[in-house]
Amino acid sequence: MDITLLKSSSTADSTTNKGQNRRDFLKTSALASGGLVIGFYLSGGNKIANAQQPPKTNTSPNAFLRIAKDGAVTVQVKHLEFGQGVMTSLPMMVAEELDCDWTKVRAELAPANAVYAHTMFGIQMTGGSSSVINSWTQMRTVGATARAMLVSAAAQKWKVKPEQCRAENGVVMGPAGQRAPFGQLAEAANKLDTPQKITLKDAKDFKLIGKPTRRLDSAVKVNGSAMFGMDITDKQVPNLHVALVKRPPAFGGTVKSFNADKIKGIPGVTHVVQTANGVAVVAKSFWAAKTGRDALVVEWDLESASKATTAMMQASYRETALKPGLPTGKVSDGAALNVLKAAGKTITAEFEVPYLAHAPMEPLNCTVKFDGDSCEIWAGTQFQTVDQGAAAKVAGLKPEQVKINTMIAGGGFGRRANPASDYIIEAVEIAKQAKVPVKTVWTREDDIKGGYYRPMFVHRVTAGVDAAGKIAGWDHTIVGQSIIGGTAFEPMMVKGGVDATSVEGVADTPYDIPNMNVTLHTTKTGVPVLWWRSVGHTHTAFAMESMMDDLAKQAGKDPVEFRREYLAKHPRILKVLNTAAEKSGWGSALPTGRARGIAVHESFGSVCAHVAEVSVNNGQIKVHRVTSAIDCGLAVNPLSIVAQVEGAMVFGLSAALYGKVTLKDGVVDQSNFHDYPVLRLAEMPKIDVHIIDSGASSPTGVGEPGTPPIAPAVANAVFALTGKRLRTLPFNLDEVSKA
């Protein structure tokens, strides 16, 4: 078997994607068989709560729906579907205003195109629990626009005024009993001008939004017909090859040389390709590629590689935390420390959290077909626009020459939204050099060892209460890496050297705490980091909510009552706190050997509280029950909300009990689920989720807010049960301090 040996070459400069104009977009999007296509552009509002100033974007349409002659309604979903339910929630918004037959609604994932840009960020992306938020007005407007055009088409047909007609369940009805299904009107409606003014429904008139609705993609996932990126074969892409990459053992290492002699006799191996980050073995099957990679001999240059060692980093972080860092905006000009010196009771505590891998069930993969003047990609990406630009640069093409087919993904948790586009760039490099279609696959070991982790952090907090049991002051120093630094998001999210994602949840805490001082030290370690489900809130909630329980103990007060004192100005948060406490039976008797702990946290525009009921046996924590309450604004699909709160809680609980990535001399210790475990079915607690009806007129985030409060809720329950305070994640009962 001949093997082609290829080395990476230089790449062309990227070109700014100006997108299509509105007319071209509608022309290319329309069905050849006829039908109604709705595209539109929203220039202003519908921004995420507390959003930064959005970047300028072009004015092409950014969403559409399609109504076919048979009455089928197909909604293009601009966000990635990776378990959060957008292939149902976004079509629900369209269908609500369209007044169509829900049984005829279908969903497709939109390809990479500027018209599908996020209404806040100006790029096509999925993240920040913002898919429903930024689509709320947008997708409803699509539905209402289509309804108005269908009604106008019917009115013209019947020679009556549009206001004499109405739409209901996929049919337009006229004043004299006339009836016309949407499919019969679609082609005529497509020829009409788009109405300039659209009135959206009042929430009291909703028939679908707010109702528990089964997901449109459930059946295909259950029967196995859903197409994930990993499912792409030569049936979809003829002559498809598979590539696995041998990467440096330490981050920042490079290839010095490699020897492919040992793999030349392996059946199915066709190419060996050097990339910017390693050496890829390309073969006709996964197993052939893996066998070849295992046999490949690579000499690495590790002179500039990371030498990070977890134990040394922890010691350095702790030492750094003894000194004040950069001010975050929550600064009391030294008053915090002065007041604390005079406080009746003070506590100094250090909270430590490790690096965490995302570990989605479907590891990273990317299929690329490169034809010289075009590049087609199949990937479950959260960052279509970013990845399209990065792929174009590597391929030496313009972004419009790169087509990205968005595939359903088996989880992501932020890993598929990488500003560096690492796995996309790598896959394009390989396909370009191999000159055959290639699916680059990451194994589970590649995924765990491959980097882009939730950063490691240390918090040092000194806080105290006065003689009346009131918080006198709070001094808080945070040490850890920046996720945003060095990315395109830095100008928007790093101010005065402070990465907003490092301090969110502390510097902007809703607790009315007097004399609060928060500072930040940003470190650099050579270990690549990235956002992880709920980003900075993953560690800030742990420190804040654990410390609130500590202070409640010092004040001699019930933890729930103590929190209420500092949330008087936030009735929304109070309601969530009180609901979780009430529904859990807070204060009532429990079986011997059990205790409850509570935590409440605001993130992504929503508020979530968990009450954890736990026991400790033979040094092991058992979580028996979790009672959750969430206020996520207007609830679009309660079924999805419950599922997301449950999933986010379990995700956070896995990390609290087990999750950690450690390093020695720059090499990651963990490699698979045997040493990076997740919660097993037998460990799953009973979960009760209560959705708060806040009377809000729009939704807020759902996918992430359930993660931050679970670790402190469990820690607080252990504290109530044993008097031992858990201040390090993952929990280790052998390493606790006596409260």
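Predicted model: local features only at pLDDT ≥ 70, side-chain atom pairs only at ≥ 80, totals over all residues.

Colleague: OK, which residues of α7 are buried?

Modeller: Those are T310, M313, Y317 and T320. They span an arc of only 90° around the axis, so they sit on the same side of α7.

Colleague: Why would residues three or four places apart point the same way?

Modeller: An α-helix has 3.6 residues a turn, so residues with that spacing end up pointing the same way.

Colleague: Nice. And what's exposed on the other side of α7?

Modeller: A311, M312 and E319 are exposed there.

Colleague: What do the buried residues of α7 pack against?

Modeller: Four strands: β20 (457-465), β21 (471-481), β24 (516-523) and β28 (663-664).

Colleague: Switching topic: where is D549, and is it buried or exposed?

Modeller: D549 is in helix α14, residues 537-555. Its relative accessibility is 6%, and buried means under 20%, so D549 counts as buried.

Colleague: Which residues does D549 touch, apart from its neighbours within four places in sequence?

Modeller: D549 is in contact with P559, R563, I598, N716, F719 and R725.

Colleague: What about V714, where does that one sit?

Modeller: V714 belongs to helix α18, which runs over residues 710-722. With a relative accessible area of 0%, V714 is buried. Skipping residues up to four places away in sequence, V714 touches A612, V614, I621, V623, L653 and F731.

Colleague: And how far is V714 from K307?

Modeller: Their C-alpha atoms are separated by 34 Å, and the two residues are 407 apart along the chain.

Colleague: Let's zoom out. How many helices and strands are there?

Modeller: The protein has 18 helices and 32 strands. Its radius of gyration is 27 Å, close to the 27 Å that the globule rule gives for 739 residues, so the protein is as compact as a globular protein of that length.

Colleague: How much of the protein is buried?

Modeller: Buried residues make up 59% of the 739.

Definitions and conventions:
Residues numbered from 1 in each chain as written. Heavy atoms only, no water. Helix = DSSP H or I, 4+ residues; strand = E, 2+ residues; numbered from the N terminus. Rg over C-alpha atoms; globule rule 2.2 N^0.38 Å. Buried < 20%, exposed > 50% of the residue type's maximum accessible area, 1.4 Å probe, protein only. Arc of directions from axis to C-beta. Contact = heavy atoms within 4.5 Å.
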